[in-house]
Amino acid sequence: MSDQSGQQLPGWVEDADVVVVGGGIVGLATALRLLESRPGLAVAVLEREARVGTGQSSRNSGVLHAGLYYAPGSAKARFCVAGKRELERFCDEHGVAVRRTGKVVAAVDRSELPALEALAERARTNGVEIERLGPAGVRDHEPHVQAVAGLWSPNTAVTDFGAVCEAMRRAVVDAGGRVELGTAVTGLEPTSNGVRIVTSGGRWWAGAVVTCTGLQSDRVAAMTGRRRERRVVPFRGAWLRVRDQRADLVRGNVYPVPVGAGLPFLGVHLTRRIDGQLWVGPNAVLAAAREGRRRWSVDPADLRDALGFAGTWRLAARFPKVAAGELWRDLVVRAAMREVRRYVPDLRNEDVSRGPWGVRAQVVDRTGHLVDDFDVREDGRVVHLVNAPSPAATASLAIGADLAARVLARR
């Protein structure tokens with residue numbers, strides 16, 4: 001590594017035009033978009049784990065969202081619709097399986113009909129293809145689902161986002177980029193002409209940096225001096241897995257009508273995955289560890305961080321019944337199944353077992369409101385993706401293009 005005068009800088013062992021911190025799906029998509037925009041650009045992805053996409057990117061249901069839910073004009077709405085098309089094309093070109101299973105949004109009670117109509121209007125505004133369904137129409141798509149009305153989204157699909165991440169890694173390397181695994185970033189120092197980066201494997205110099213670090217996004221953003229006015233509060237979501245002999249009770253995706261104002265969580269839903277498994281969930285309960293290895297892992301630093309933040313308590317105070325209900329259904333399978341049977345009455349308690357779980361990075365502000373859109377912050381030559389909630393995986397290539405344009409403008 002040398003400075004602009006050509007003199008060697010002691011201790012700086014690696015350099016790149018742009019470093020992407022984080023080898024999840026959005027980080028890899030950003031690196032790919034950078035290389036597509038500027039062939040020959042020296043791009044390096046630094047990922048602390050031994051494989052790419054081991055966090056939120058692969059610990060999910062695998063749903064490619066069509067864009068039904070997101071507020072018109074929001075970054076979520078724009079990026080989801082465009083990003084889904086781009087990701088399906090990428091998967092087709094790189095041999096990653098995608099199956100359009102469709103989605104039924106089911107209203108099981110007439111009180112849900114106004115919210116269902118509002119969702120239909122939102123989908124139409126976002127340019128998402130939908131069809132209104134009566135009870136018979138719901139049964140045509142999902143014979144075992146009980147509903148008074150519904151919406152049909154034919155373009156909702158499923159894939160394996162872990163496989164997508166691996167395909168993106170190969171594409172980045174084939175385009176001339178680097179993906180450095182087992183390399184944790186511990187420090188960022190922007191300067192007038194670049195960024196000094198301290199890692200577990202040595203020190204780097206880059207012309208610019210973009211960070212896509214999911215559950216650690218607020219902490220990584222703080223490395224450049226940004227105050228954590230908004231903070232990642234981790235929510236653990238767990239799934240129930242339906243035994244294979246009963247998986248045919250659902251053909252595709254069955255989702256509830258979203259009625260929880262101020263909460264982006266969609267409630268109990270059922271997903272027929274790309275591997276044919278049927279999963280129920282996930283729920284959402286406060287996690288005691290951002291990246292624990294077990295369902296009930298406790299990280300004292302993470303717990304102090306969440307409980308010491310005023311926004312966490314204000315969020316709990318705003319939705320005490322919701323929080324209690326989510327925790328109860330997490331602890332008691334029968335309680336969760338009572339909710340599931342509102343949609344699929346034929347599913348019995350003995351048809352399910354506890355399945356996988358994951359932790360979602362949700363940014364919360366000091367007033368106790370969940371930040372429900374993508375949040376990008378810029379500090380000199382560093383661009384931070386601070387909040388990337390669902391549909392980040394679906395929208396990854398569109399988000400990546402936006403981040404690539406921002407970071408190239410700062411070099």
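How many salt bridges does the structure hold? I find 42 salt bridges, a salt bridge being a side-chain nitrogen of Lys or Arg within 4 Å of a carboxyl oxygen of Asp or Glu.

Ground rules first. I am working on a predicted model, where local features need pLDDT of at least 70, side-chain atom pairs count only at pLDDT 80 or more, and totals for chains, interfaces and linings use all residues. Residues are numbered from 1 along each chain as its sequence is written, and side-chain values use heavy atoms, with hydrogens and water left out.

**Entry: salt bridges**

I looked up R33 and found its side chain in a salt bridge with E86 (2.9 Å, N to O). The pair links distant parts of the chain, with R33 in helix α1 (residues 25–37) and E86 in helix α2 (residues 75–94), 53 residues apart. Helices here are DSSP runs (H or I, at least four residues), as are strands (E, at least two), numbered from the N terminus. R33 is buried, at 17% relative accessible area; buried means under 20%, exposed over 50%, and partly exposed in between (1.4 Å probe, protein chains only).

Next I took R219 and D302, whose side chains form a salt bridge of 2.8 Å, N to O. R219 is partly exposed at 25%, whereas D302 is buried at 6%. Both residues belong to a network of salt bridges that also links D218, R228, R231, R290 and D305.

**Entry: D351**

Is D351 buried or exposed? D351 is buried, at 0% relative accessibility. I place D351 in the loop between α10 and β18. Its side chain meets that of R243 in a salt bridge (3.2 Å, N to O). R243 sits in the loop between β13 and β14 (253–256), so this pair joins parts 108 residues apart in sequence. R243 is partly exposed at 33%. A polar contact of 3.1 Å also joins the side chains of D351 and R246; the term means a pair of N or O atoms within 3.5 Å, where within protein one must be able to donate a hydrogen and the other to accept it, and residues adjacent in sequence count only if both atoms are side-chain atoms.

**Entry: helix α10**

In α10 (residues 333–340) I note A335, A336, M337 and V340 as buried. The elements covering these residues include β13 (231–242), β15 (270–272), β16, α9 (320–331) and β18 (352–364).

**Entry: A147**

I find A147 in the loop between α4 (135–141) and β7 (149–153). A147 is buried at 12% relative accessible area. Leaving aside neighbours within four places in sequence, A147 is in contact (heavy atoms within 4.5 Å) with A106, A107, V108, P135 and V138. A147 and V344 are 197 residues apart in sequence and 9.2 Å apart in space, C-alpha to C-alpha.

**Entry: cis peptide bonds**

I checked G281 and P282, which are joined by a cis peptide bond with omega about 5 degrees. P282 is in the loop between β16 (278–280) and β17 (285–286). The bond from S390 to P391 is also cis, with omega near 20 degrees. P391 is in the loop between β20 (382–387) and α11 (396–408).
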